[in-house]
Structure formats: C-alpha cells, structure tokens
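Good morning, colleagues. Please turn to the sequence and the structure on the screen, and I shall take you through the sheet and its surroundings.

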Amino acid sequence: MSRTQILALVLAGGEGTRLRPLTLHQAKPAVPFAFGYRIVDFVLGNLLNSKVSSIYLLAQYMPHSLIEHVHSTWRPQVRSSGYNIDVVLPEGIAPGGRFAG
C-alpha cells in the first residue's frame, strides 16, 4: 500500500512586533513558549500527526534560531520516519535578516 504524499508550506517569517522584547533577536515562531517548546512546535506536531510527508517552513525575519531549532530538534526524528522537513529562505536577505525584495 503506497503512502499519500502531502506537502505543507508553513509561513514562519513573522517579525512579531507585538511580542517584543521576546522577538528582538529571533523570529516569532522560534520564541520559547512552555516546557521547552517553541511556538512553531505546535504547528509541526499537528502536521506530522496528520501524516504530512513534506514540510517546508518559509522563514524571513531572523531565521537563524528557527533553523537551528528545526535542525536539532525536528529533523532527526522526522527523517528517521521517512518524512521531510526543511527551512526555506528567500533569496536576497539584506543585512539585519530581512528580505530585500
């Protein structure tokens, strides 16, 4: 029996101006929330529990902590189960971590 291939694009580029000072140095999806979870973890957990096979996080604002979190926390467990998760950055990131499009 073949597995259905489903692709998810998650918009994870929020600057989070209403969450300052928490978002001064990281994107809103990467902000720690509770018990070591990040805001993005709730979305990723729901997608994986729904058997979404490929997940792409579209990041813009200060994506470094989000990339580090996904690569260290999610990618190892996702890849071992045959799924895929990646952070996608726009071309033309300007100084300060913003898209210069």
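Predicted model: local features only at pLDDT ≥ 70, side-chain atom pairs only at ≥ 80, totals over all residues.

In what order do the strands form the open sheet, and is the pairing parallel or antiparallel? The order is β1-β2-β3, three strands in an open sheet, and the pairing is parallel. The edge strands are β1 (7–11) and β3, each of which pairs on one side only. Averaged over the sheet, neighbouring strands are turned by 20° against each other, direction ignored.

Residues are numbered from 1 along each chain as its sequence is written, and side-chain values use heavy atoms, with hydrogens and water left out. Strands (E, at least two residues) and helices (H or I, at least four) are DSSP runs numbered from the N terminus; two strands pair if DSSP finds at least two bridges between them.

Let us take the pairs in turn. β1 and β2 run parallel, joined by five bridges, and Leu11 stands opposite Leu58 in β2. Strand β2 (residues 54–58) also pairs with β3 in the parallel sense, over five bridges; here Tyr56 stands opposite Asp86 in β3.

Finally, burial. In strand β3 (residues 84–88), four of the five residues are buried, meaning under 20% relative accessible area with a 1.4 Å probe, protein chains only.

Methods. Buried < 20%, exposed > 50% of the residue type's maximum accessible area, 1.4 Å probe, protein only. Axes fitted to C-alpha atoms, helices over the stretch in contact; angles between N-to-C directions.
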